[in-house]
Every structure is written in C-alpha cells, then in structure tokens.
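This report covers one protein model. Please keep the sequence and the 3D view at hand while reading.

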Amino acid sequence: MNDLPDCVKRLQKVIQFRTVSKSLRFETGENHGLDCLELPETMRKMHSYIKSEFPSVFSSEKTNVELINDGSFLIHVKVANNFQQSIDQQQNQLPFLLVAHMDVVPTKDDEWKHPPFDGVIEDGFLYGRGSLDDKSAVMAILEALSSLMIDESLACTRDFYIALTHDEEVKGSFGAQQVAPRLAEILDGKELEFILDEGLIVLEDFRPGFPPAAMVGICEKGHLDMKLTVKTHGGHSSIPPSETAVTKLCDALSKLNAYKFPVYLYNTPMHQTLLALSPHFPAVQRSMIKSINTTDYVLKKIISRDPITSTLMQTTKVTTLISGGTAANVIPSECWAVVNCRLHPNDTSDSVMEMTRSVVGPDVTVDVVDKCDPPKCSSTDTPAYSSLVNAIKATFANCDPQPIVAPGLLTGQTDSRHFKHLAQNIYRFNPFWLKRADIERIHGHDERIAISNYEQQIEFFKLFLRDAAFSQSFP
Ligand SMILES: [Zn+2]
C-alpha cells in the first residue's frame with residue numbers, strides 16, 4: 001500500500017468524502033425543483049483537503065480562486081507576468097475553461113464488491129464512487145496543473161479557468177449555473193476559445209475487428225420533461241363511462257410510444273463519427289459512408305438495429321412518472337404522466353412538443369416541466385480539437401493497438417451546457433480506457449479505475465495543458 005504513488009493516494013482519499021448529490025425533484029409528485037446536496041459539510045471537508053494538497057494551485061499568486069455559492073471552485077490561472085510583457089499577441093489569445101465535478105450519484109452499498117466510499121485497491125483497480133465520474137478528472141486536472149505550475153522552466157502563456165463544480169449530478173443549478181454568470185462577469189464580454197468537460201471515453205471493444213475508439217464529444221443531447229395531463233368528469237366507479245381520464249392517458253402514451261421521432265444522419269455528429277472511423281470499415285461500407293447523402297436511408301436502417309447507436313440518430317422518449325386516482329372506488333377526474341425526452345441536436349424542445357401534441361391529440365394537455373435545448377455542435381477544425389487529438393495519441397502511444405480518435409455525440413448531459421453561451425466550441429472527453437461492460441459501473445455498482453489508467457489521465461491533462469497554455473519560460 002505504501003508504495004502507491006502519491007497521486008493515487010490522493011484520489012483514494014478524495015473518494016472517501018461522501019459528496020453525494022441527491023435530487024428531491026418529483027419525490028413528492030410535485031415539481032418544486034428542489035435539488036440538494038446530501039451532505040454539504042462533507043463537501044467542505046473535501047475542499048479543505050484538496051486545498052491543502054495543492055498549495056501551488058490554491059495558495060499561489062499565479063492563480064485567483066473563488067468559492068462560488070459555498071460549493072464550487074472557479075480557478076483563474078493567470079498568464080505569467082514576464083510572458084505577458086514579452087509576447088504581445090498572446091494577450092489576444094482567448095482564455096479557455098476546463099470543467100469537472102466533485103459530487104457523485106448515490107450508491108446502493110450492498111450491491112458493491114467493496115464499500116463505495118472506502119477507496120479499496122484490488123488487482124490494480126481503485127474502487128469507489130467517483131473513481132471515474134468525475135473525481136478522477138477533478139484530481140487529474142489538479143495533479144497536472146500543479147506539476148506544470150511548480151516546474152520553473154515553464155511559464156503560463158495565457159489565462160484560463162477551471163470550474164470544479166458541486167452538483168452536476170442534480171442538474172448543476174447551484175454549481176455550474178452559478179459559476180457561469182460569475183465567469184461571464186470576469187470575462188467582461190470576452191469569449192472563451194473552448195471548453196473541455198467530461199463526456200465520452202476510449203472504448204476498447206468498440207466494434208469487433210476495430211481498434212479501440214477514443215470518442216470526443218462535440219455535442220450533447222438536450223432534454224425535455226413533458227407532462228401529459230387528461231382531465232374528464234370523475235364519478236363513482238359503479239357507473240363507469242366508456243372512456244375515463246385513465247384510459248385516455250393510456251391511449252395517448254401508447255400512441256406516443258409507437259411513434260418514432262425523425263431519424264437524422266447526414267451532417268450530424270454520427271455522420272462525423274462514421275467518417276472518422278470509415279478507414280476501418282470493409283470496402284462496401286466505407287464507400288456507403290463516403291456518399292452518405294445518397295445512402296442515408298440504408299445506413300440509417302442498419303445503424304438503427306443497434307439500440308445504442310440508434311439513440312444517437314434521434315430524439316428518444318420514455319414515460320418515467322405516472323399518477324392519477326385517489327381511491328379504489330372513485331373514477332379520477334385527472335391523470336398525468338411525465339415523459340422524459342433526450343433531444344437530438346437537430347430537434348428542439350418546441351419541435352418535439354409540437355410533434356407530441358399532434359400524436360396524442362387535443363384531449364391531452366402537453367406542458368413543459370423542464371427543458372434544455374441541445375447546444376450547437378462544435379467544430380473539429382480548431383487548434384483545440386487538434387491539441388486534444390495530439391494529447392490522446394501521445395497518452396496512448398504505447399498501447400497496441402492504438403486508439404482511433406473520432407468525434408461523437410454524448411447522450412447524457414454535462415455541466416458544460418451552463419457555459420454554452422460563453423464559447424463557440426465545447427469538447428467532452430475523459431481518457432478512461434473502458435470496455436463496454438464497464439460503462440454501467442459509472443452510475444451503477446463497482447465503479448473503478450485502473451491505476452495505470454488514472455496515471456494516463458493525469459498525463460493526458462498534463463500534455464493537453466502544456467500544449468494549450470504553457471511554454472518554456474524566459475529568464
Ligand atoms: Zn459526471
């Protein structure tokens with residue numbers, strides 16, 4: 001145990017803070033939008049720990065650190081004084097932002113092989129909630145930054161920011177959503193060049209016969225919670241009418257379930273994924289991908305066969321809450337259900353509401369409970385994307401086979417959405433090297449990271465930050 005690298009010991013320690021975010025939304029059947037962190041005191045203890053472990057970041061005149069809303073850190077790493085004077089044009093380089101979150105989702109402790117907040121190490125893996133999502137990123141960024149900052153041969157060539165947030169797992173209302181206006185205020189009208197947040201990963205068994213795929217999220221889906229309500233006359237159950245609020249709602253939900261929202265491929269992130277991967281497909285598929293504007297229909301059919309890739313081409317919907325009735329012998333006068341949609345970047349909450357209304361008909365009222373439209377897709381033709389690709393390739397240079405890097409769409413959402421008005425380009429990636437079967441660990445049980453992979457994660461951030469913001473210092 002004692003021969004563990006210090007960086008691993010620190011991640012192990014951070015996992016032991018039970019910083020669980022728990023959503024109270026809908027728990028009472030009401031939408032009062034109340035989200036809360038289970039133990040804010042624990043989050044404060046984690047703050048103290050990381051501040052004491054990284055004095056070069058938290059107690060340095062080279063940075064400004066602000067605690068926002070008593071939970072999230074906004075760290076401003078400032079361009080080195082001597083650099084500012086020596087190269088004027090560097091002042092025109094826009095700052096960028098890295099984002100990671102310190103909270104985690106709840107656990108069902110009895111399903112875990114090892115207690116989820118102990119940080120047990122077994123067979124080269126560190127087990128614990130947050131070992132992947134997203135405490136390893138928080139710590140890897142701090143490890144990388146700290147080592148670059150104490151290296152006297154290096155100077156910071158541009159301003160950049162790091163947001164370490166505290167309630168991403170419950171939509172970020174108190175964390176990222178409060179950090180964003182403060183950052184906008186600091187930027188004072190200036191834009192960010194790009195944002196890098198958590199998101200996609202390196203998938204080892206991406207497809208049979210394929211090398212591992214390092215997918216960089218260039219877009220993420222939006223979301224929409226719609227409430228479908230039916231109101232009719234209630235009454236006594238002994239004289240039932242042919243239709244009730246219950247039957248009408250069930251009818252509407254099954255119509256909606258059978259309906260398929262439009263499928264998109266041409267000019268979408270999925271299109272870009274296929275183009276990047278096309279050299280590894282057999283010749284016939286490769287030529288279909290090349291002429292996707294004409295083979296669109298066939299390819300959509302093929303890709304839709306896999307339920308996972310199918311979700312990357314369309315808006316999905318699923319009923320998650322349903323309610324109606326107060327007694328066994330009373331016909332309810334009102335029934336409602338909540339349908340959770342994940343919006344494809346080609347759709348909007350308005351367009352999906354409109355399609356839903358036309359499917360369920362005029363007897364059903366459709367209201368928005370909560371929504372966030374998808375952001376626009378980021379470009380891969382930027383210096384930041386090239387830096388990411390280079391850092392990924394260098395991090396995994398010794399792996400055989402080496403991963404191919406491809407842009408992709410994230411089906412979940414990240415804190416980066418709260419900053420989308422501040423940057424043209426947002427990338428979502430963490431260099432986790434996982435197999436398909438490992439993915440369910442992320443919000444499930446036995447979440448773990450290979451120690452060697454954690455070291456690669458630190459290396460990745462070091463390479464990326466070094467390229468994006470550090471250079472040899474001048475005497
Ligand atoms: Zn996360």
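## Model and numbering

The model is predicted: local features need pLDDT of at least 70, side-chain atom pairs count only at pLDDT 80 or more, and totals for chains, interfaces and linings use all residues. Residues are numbered from 1 along each chain as its sequence is written.

## Domains

Domain 1 spans 6–199 + 383–399 + 415–472, and domain 2 spans 222–261 + 316–371. These bounds come from an automatic or database domain assignment. The C-alpha centres of domain 1 and domain 2 lie 39 Å apart.

## Strand β12

Helices (H or I, at least four residues) and strands (E, at least two) are DSSP runs, numbered from the N terminus. Strand β12 covers residues 222–231, and seven of its 10 residues are buried. Buried means that 20 or more other C-beta atoms lie within 10 Å of the residue's own, with C-beta atoms placed from the backbone.

β12 pairs with two strands (pairing takes at least two DSSP bridges). Strand β16 (residues 334–343) runs antiparallel to β12, with 10 bridges. Here Lys 227 stands opposite Val 338. Strand β17 (residues 365–372) is also antiparallel to β12, with seven bridges. Met 226 has Val 368 of β17 as its bridge partner.

## Helices α13 and α15

Helix α13 (residues 383–395) packs on helix α15 (residues 451–469) at about 140°, with axes 9 Å apart. Axes are lines fitted to C-alpha atoms over the stretch in contact, and angles run from 0 to 180 degrees between N-to-C directions.

Contacts need C-beta atoms, placed from the backbone, within 7 Å. The α13 side includes Leu 388 and Ile 392. The α15 side includes Phe 460, Leu 463 and Phe 464.

Methods:
Buried ≥ 20, exposed ≤ 12 C-beta atoms within 10 Å, placed from the backbone. Contact = placed C-beta atoms within 7 Å.
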